[in-house]
Amino acid sequence: QVQLVESGGGLVQAGGSLRLSCAASGSIFSINTMAWYRQAPGKQRELVASITGTGYTNYANSVKGRFTISRDNAKNMVYLQMNSLKPEDTAVYYCNTFTTSVYWGQGTRVTVSS
């Protein structure tokens, strides 16, 4: 079992920044790929960014150059630094990983005002 707890969401003006954190516990290892997804109202959940155990990163085209995913394996933490935020980034952001099962956190809401 893996538990994921997100934090760091909030309300920010367009152009601002937020840093999301995800604390992982349970049967989690540094080799696990970790990811951030988001779900905007009325839309499907989509991948925002992912990072492998060796630090390889992947980003959705819509956030490239603005968001940075990172991890601290010693602390079992994953971060998402979000800069130059846009109203279209408004969503609930979820931390994700998988072993033999897929695990999700409860989500943290990000609202970007114009």
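How many bridges join strand β2 (residues 10-13) to β11, and do the two run parallel or antiparallel?

Author: The model is a predicted one. In it, four bridges join strand β2 (residues 10-13) to β11, and the two strands run parallel. Within this pairing, valine 12 has valine 112 of β11 as its bridge partner.

Strand β11 (108-113) has two faces: Thr108, Val110 and Val112 make up the covered one, whereas Arg109, Thr111 and Ser113 make up the uncovered one. Valine 112, the partner of valine 12, therefore belongs to the covered face. Strand β11 also pairs with β9, here in the antiparallel sense and over three bridges. In that pairing, tyrosine 93 stands opposite threonine 108.

Apart from its neighbours within four places in sequence, tyrosine 93 is in contact with Glu6, Leu20, Trp36, Tyr37, Arg38, Val48, Phe67, Leu80, Met82, Gly107, Thr108 and Val110. The largest nonpolar core has 29 residues, and those touching the most other members are Trp36, Leu80, Met82 and Tyr93. At least two residues of this core come from each of β1 (2-7), β3 (18-26), β4, β5 (46-51), β7 (67-72), β8 (77-82), β9 and β11. Strand β3 gives the largest share, four residues. As a general point, nonpolar side chains in soluble globular proteins tend to be buried together.

Five of its six residues are buried, so β8 is largely enclosed by the rest of the structure. Six bridges join β8 to β3 in an antiparallel arrangement, with arginine 19 opposite glutamine 81. The charged end of arginine 19 sits over the ring of tyrosine 79, 4.0 Å from the ring centre. Six bridges also join β8 to β7, again antiparallel, and in this pairing isoleucine 69 has leucine 80 as its bridge partner. Strands β7 and β8 form a hairpin with four residues between them, and asparagine 76 in the turn has a positive phi of about 55 degrees.

Arginine 66 lies in the loop between β6 (57-59) and β7. Leaving aside its neighbours within four places in sequence, arginine 66 is in contact with Gln81, Met82, Asn83, Ser84, Leu85, Lys86 and Asp89.

Side chains of opposite charge can pair when their charged atoms come close. Three salt bridges are found in the whole structure. In one of them, arginine 38 meets glutamate 46 at 2.7 Å, N to O. Arginine 38 has a relative accessible area of 5% and is therefore buried, given that buried means under 20%. Glutamate 46, at 36%, is partly exposed. Arginine 38 also meets aspartate 89, at 2.9 Å, N to O. Because arginine 38 lies in strand β4 and aspartate 89 in the loop between β8 and β9, this pair ties together parts that are 51 residues apart in sequence. Both arginine 38 and aspartate 89 are buried.

Aspartate 89 forms a further salt bridge with arginine 66, at 2.7 Å, N to O. This pair links distant parts of the chain, with aspartate 89 in the loop between β8 and β9 and arginine 66 in the loop between β6 and β7, 23 residues apart. The relative accessible area of aspartate 89 is 0%, so that residue is buried. Arginine 66, at 10%, also counts as buried. Through shared partners, the salt bridges join Arg38, Glu46, Arg66 and Asp89 into one network.

The aromatic pairs complete the picture. The whole structure contains two of them. Tyrosine 37 and tryptophan 104 are edge-to-face, with 4.9 Å between centres and 70 degrees between the planes. Since tyrosine 37 lies in strand β4 (residues 34-39) and tryptophan 104 in strand β10 (residues 102-104), the pair ties together parts that are 67 residues apart in sequence. Tyrosine 37 is partly exposed at 22% relative accessibility, and tryptophan 104 is partly exposed at 37%. Tyrosine 94 and tryptophan 104 are likewise edge-to-face, 6.4 Å centre to centre, with 90 degrees between the planes. This pair links strand β9 (residues 91-98), which holds tyrosine 94, to strand β10, which holds tryptophan 104, the two residues being 10 apart. Tyrosine 94 counts as buried at 13% relative accessibility. Together, Tyr37, Tyr94 and Trp104 form one aromatic cluster. The charged end of arginine 45 sits over the ring of tryptophan 104, 4.5 Å from the ring centre.

Definitions and conventions
Residues numbered from 1 in each chain as written. Predicted model: local features only at pLDDT ≥ 70, side-chain atom pairs only at ≥ 80, totals over all residues. Heavy atoms only, no water. Phe/Tyr/Trp six-rings, centres within 6.5 Å; stacked < 30°, edge-to-face > 60°. Buried < 20%, exposed > 50% of the residue type's maximum accessible area, 1.4 Å probe, protein only. Lys NZ or Arg CZ within 6 Å of the ring centre and 35° of its normal. Core = buried A, V, L, I, M, F, W, Y, C linked by side-chain atoms within 4.5 Å. Contact = heavy atoms within 4.5 Å. Pairing = 2+ DSSP bridges. Salt bridge = Lys/Arg side-chain N within 4 Å of Asp/Glu carboxyl O.
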